[in-house]
Amino acid sequence: IAWLSIYPAVPRLSGNIIQMQILARNGPGGPMAQKPWAHNPIIVRDGKAFALPDDAHYLLVYDAADGRELHRIDMTDYDASDVLLGVIDDKAIVCSLNKVFCINWPVYDPAKPRDSLWWAADMPAPSTDPNLTEEDSRDTIRGRGFVTIDSVFIPTRWNLRRIEMRSGKIIETYPASGSWPAGEGPGNVLV
């Protein structure tokens with residue numbers, strides 16, 4: 001071990017026996033607390049390690065060589081994002097249940113979190129589905145997205161969306177009709 005760090009975890013237990021049994025059976029957060037794709041690997045880029053732990057609401061940026069904490073970015077400022085999709089230069093791309101954020105992480109200021117946004121993209125339900133409820137629009141992302149140098153790909157309940165990295169605009173969907181045909185559906189993006 002070259003370095004070890006302690007980060008502020010979100011207290012999840014009240015200490016009662018039932019909660020402790022659930023934790024022992026399901027692990028921290030349990031299967032109902034998170035989606036399977038919300039577990040985040042550490043990303044090492046340009047001498048920095050980026051971590052978004054399951055049991056904290058911070059994106060943590062460390063010096064990869066010595067473990068010094070460089071930044072602590074509060075994800076509650078960004079719709080409680082819990083998935084770290086990627087890091088490119090000064091852009092950290094994260095997502096919540098229905099939004100994608102591109103954060104200028106080196107200039108993050110907890111007093112002015114919106115000033116550090118390159119862009120934010122909503123992942124709304126398609127207006128063509130007459131059976132949609134308000135609840136459907138609160139939880140639209142289905143699977144782990146993928147980041148390239150110029151795009152972010154996000155699987156939703158209805159389609160795969162490509163967001164332009166420069167502008168944060170959705171520029172393409174698959175299928176073009178707006179919804180998965182029979183036999184296809186949402187999931188993690190594999191490249």
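1. Buried means under 20% relative accessible area, exposed means over 50%, and partly exposed lies in between (1.4 Å probe, protein chains only). By that rule valine 152, at 0% relative accessibility, is buried. Of the protein's 191 residues, 40% count as buried.

2. The model is predicted: local features need pLDDT of at least 70, side-chain atom pairs count only at pLDDT 80 or more, and totals for chains, interfaces and linings use all residues. Residues are numbered from 1 along each chain as its sequence is written, and side-chain values use heavy atoms, with hydrogens and water left out.

3. Confidence comes next. pLDDT is the predictor's confidence in each residue, from 0 to 100. Its mean for the protein is 82, and 79% of the residues reach 70 or more. Over residues 13-33 the pLDDT is below 50. Beyond near neighbours in sequence, that stretch has ten contacts in the model (contact: heavy atoms within 4.5 Å). Where pLDDT is low, the predicted coordinates should not be read in detail.

4. Secondary structure: the protein has two helices and twelve strands. Both types are DSSP runs, numbered from the N terminus: helices are H or I with at least four residues, strands are E with at least two. Along the sequence the order is α-α-β-β-β-β-β-β-β-β-β-β-β-β.

5. Contacts and surface. Among contacts between residues at least 6 apart in sequence, 43% join residues at least 24 apart. The protein exposes about 10800 Å², and carbon and sulfur atoms supply 56% of that area. Accessible areas come from the Shrake-Rupley method with a 1.4 Å probe; for residues, only the protein chains shown count as cover.

6. Which residues does valine 152 touch? Not counting residues up to four places away in sequence, its contacts include Leu85, Ile93, Val100, Trp119, Phe146 and Ile163. Arg161, Arg162 and Met165 are also among them. Valine 152 sits in strand 10 (residues 151-155). Cysteine 102 is 50 residues away along the chain, and the two C-alpha atoms are separated by 9.9 Å.

7. Salt bridges: a search of the whole structure finds eight. The criterion is a side-chain nitrogen of Lys or Arg within 4 Å of a carboxyl oxygen of Asp or Glu. One of them joins arginine 162 and glutamate 172, at 2.9 Å from N to O. This pair links distant parts of the chain: arginine 162 is in strand 11 (residues 160-164), glutamate 172 is in strand 12 (residues 170-174), and they are ten residues apart. Both partners are partly exposed, arginine 162 at 22% and glutamate 172 at 44%.

8. Arginine 166 and glutamate 164 also form a salt bridge, at 2.4 Å from N to O. Arginine 166 is exposed, with a relative accessible area of 70%. Glutamate 164 counts as buried at 18%. Elsewhere, salt bridges that share partners join Arg45, Asp46 and Asp89 into one network.

9. Aspartate 90 pairs with lysine 91, and their closest N and O atoms are 3.8 Å apart. Aspartate 90 is partly exposed, at 24% relative accessible area.

10. Where does proline 186 lie? Proline 186 is in the segment after strand 12. Its relative accessible area is 42%, so proline 186 is partly exposed. Arginine 142 is 44 residues away in sequence but 5.8 Å away in space, C-alpha to C-alpha. Proline 186 touches Arg142, Thr156, Arg157 and Trp180, leaving aside residues up to four places away in sequence.
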